[in-house]
Amino acid sequence: MKSIFEKIKNIIKLIRPRHYIKNILIFLPLFFSGKINNANKMSVAVLGFISFCLLASIVYVINDLKDIENDKINPTKKDRPLASGKINKKEAITIIILLLFLMCSINIVNLKLNNISMNQFILSISLEFLYLILNILYSFGLKNVPIVDIVILASGFIIRLVYGAVITQIEISNWMYLTVMSGAFYMGLGKRRNEVIKQGDKARKVLKKYNKEFLDKFMYVCLILSIVFYSLWTIDGESVSRFGNNYMIWTIPLLIIILMKYSLIIEGDSYGDPVDIILKDKFLLALIFLFAIILVLLLYIF
């Protein structure tokens with residue numbers, strides 16, 4: 001019995017459900033459209049979220065399969081289920097097939113249950129497979145190509161946003177896209193920056209091509225752009241008209257504080273992984289939670 005629980009524990013660790021937090025981006029178009037209380041669209045978004053979570057797990061397992069040997073000598077990854085031998089390659093491939101089957105099933109349920117149009121269905125599936133293909137290419141070589149590796153990391157966030165817009169049939173505002181894009185590049189650059197500092201060029205071949213100064217420079221360019229784009233979004237005429245008020249402008253200081261805290265962690269004793277940073281720092285998590293509550297109040301209550 002104990003061995004079964006250990007196996008389940010390692011499977012959960014392998015598929016990394018804690019990283020599903022990234023998929024909250026799928027709900028952004030729905031939330032900022034003011035239609036979060038639309039039951040049909042919310043149902044579509046929730047099933048889309050589940051589908052994308054399964055897809056993300058497939059990518060994580062494929063990546064770990066490809067990187068077994070490198071992970072064995074990596075101080076932060078050597079205890080992963082595949083690298084440590086707690087799950088073998090055959091079991092990992094079986095998990096991939098099962099997750100792919102469940103993902104396709106969820107999409108079919110979404111199609112039938114919520115009367116999604118065929119064009120909408122095909123486009124959403126295409127985005128999921130675009131995400132899968134990009135990440136397979138990343139795992140099998142593109143992660144060793146400087147700039148391209150960061151572009152693929154950032155594209156994952158953008159694809160999630162577009163996917164959320166497609167399945168709910170809500171148009172993304174230009175400012176939302178620019179804010180998420182610059183924020184995604186900021187986090188991707190920050191991750192590589194800390195890998196260069198912490199691991200040198202031992203963990204990834206691509207780290208030989210980067211240096212701290214280059215990554216610092218562009219990381220903070222993207223940080224500034226994130227704040228600027230979000231600020232312009234809050235005062236944009238279309239946004240004010242959609243929300244019925246200009247209250248979002250009052251969230252700018254809190255966003256700056258959140259980014260200041262995130263940057264402080266990045267420049268401290270961190271490996272730069274966005275999920276680890278957010279989930280391990282209670283103060284940052286509290287700030288993000290407060291930011292979300294204020295947005296709900298401003299956009300849906302007042």
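In which sense, left-handed or right-handed, does helix H11 pass helix H13? In this predicted model, the crossing of H11 past H13 is left-handed. The two helices span residues 252-266 (H11) and 282-301 (H13), and their axes come within 10 Å and cross at roughly 160°. Because angles over 145 degrees count as roughly antiparallel, H11 and H13 are described as roughly antiparallel to each other.

It is worth looking at the side of each helix that takes part. On H11, the contact is built from Leu254, Leu255, Ile257, Ile258, Lys261, Tyr262 and Ile265. Facing them on H13 are Phe283, Leu284, Leu287, Ile288, Leu290, Phe291 and Ile294. By class, the residues of this contact comprise 13 nonpolar and one charged, with no polar residue.

Which residues line the largest cavity? The lining consists of Asn107, Asn110, Ile116, Phe121, Ser124, Tyr163 and Ile167. At least two lining residues come from each of three helices, namely H5 (89-113), H6 (118-139) and H7 (148-168). Asn107 and Asn110 are among the lining residues, and the lining as a whole divides into four nonpolar and three polar residues, with no charged ones.

Definitions and conventions
Residues are numbered from 1 along each chain as its sequence is written. This is a predicted model: local features need pLDDT of at least 70, side-chain atom pairs count only at pLDDT 80 or more; totals for chains, interfaces and linings use all residues. Side-chain values use heavy atoms; hydrogens and water are left out. On a 1 Å grid over the protein atoms alone, a cavity is a set of points where a 1.4 Å probe fits but cannot get out, and a pocket is an open set with protein on both sides within 12 Å along at least five of seven lines; lining residues have an atom within 4 Å of a point. Helices (H or I, at least four residues) and strands (E, at least two) are DSSP runs, numbered from the N terminus. Ala, Val, Leu, Ile, Met, Phe, Trp, Tyr, Cys and Pro count as nonpolar, Asp, Glu, Lys and Arg as charged, and the others, Gly among them, as polar. Axes are lines fitted to C-alpha atoms, for helices over the stretch in contact, and angles run from 0 to 180 degrees between N-to-C directions. Angles under 35 degrees count as roughly parallel, over 145 as roughly antiparallel, 65 to 115 as roughly perpendicular and the rest as oblique. A crossing is left-handed if the near helix is turned anticlockwise from the far one by less than a right angle, and right-handed if clockwise. Contact means heavy atoms within 4.5 Å.
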